[in-house]
Amino acid sequence: MWNRRFGRTADHRKAMLRNLATSVIMYGRVETTYAKAMDMRSVVDELITLGKKNTLASRRQAAAYIRDVVADEKTQKTVLQKLFDEVAPAYKDRNGGYTKVTKTGVRRGDAAPMAVIELVK
């Protein structure tokens, strides 16, 4: 299967996608380059599908991928808890297509095409 490499090693690329996917779940939207946003769509969609299953095995699979950070300072909920308690139940009647990628322009420094990836309401 062909994937974009982004000029990184496999470990660095995996870490980048993990961090970006965690940020999308935590904040609901992230601005990044268009290529990264397109690759990240499938990662976030798979995590939300795991959240919709809501079994112990799916929770372990998601926990192995998502970074363990606190999403809400007031309630001390982690990103994993937010995925399974808030994000995934919001898409219980939707079959895929949980994210939307919108082009926003070019980055000033290197003219890279930028995009916003966000969760569909």
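Predicted model: local features only at pLDDT ≥ 70, side-chain atom pairs only at ≥ 80, totals over all residues.
**Exercise 1. Work out the strand order of the open sheet, and find which strands are at its edges.**

Step 1. Read the order. Three strands line up as β1-β5-β4, with antiparallel pairing.

Step 2. Look for strands that pair on one side only. These are β1 (29-33) and β4 (99-106), the edge strands.

Step 3. From one strand to the next, it averages 25 degrees.

Step 4. Find what packs on the sheet. Helix α2 (residues 34-53) does, and it touches β1, β4 and β5. The directions of α2 and β5 make about 15 degrees.

Step 5. Zoom in on one pair. Five bridges join β1 and β5 (residues 113-119) in the antiparallel sense. In general, strands of a sheet pair through backbone hydrogen bonds.

**Exercise 2. Which residues have the most contacts inside the largest nonpolar core?**

Step 1. Take the core as a whole. It has 28 residues.

Step 2. Name the elements that give two or more residues. They are α1 (10-27), α2, α3 (56-65), α4 (79-90) and β5.

Step 3. Pick out the residues with the most contacts inside the core: Leu47, Ile48 and Leu83.

Step 4. Follow Leu47. Beyond four places in sequence, Leu47 touches Ala21, Ile25, Ala62, Tyr65, Ile66 and Leu83.

Key:
Residues numbered from 1 in each chain as written. Heavy atoms only, no water. Pairing = 2+ DSSP bridges. Helix = DSSP H or I, 4+ residues; strand = E, 2+ residues; numbered from the N terminus. Axes fitted to C-alpha atoms, helices over the stretch in contact; angles between N-to-C directions. Contact = heavy atoms within 4.5 Å. Core = buried A, V, L, I, M, F, W, Y, C linked by side-chain atoms within 4.5 Å. Buried < 20%, exposed > 50% of the residue type's maximum accessible area, 1.4 Å probe, protein only.
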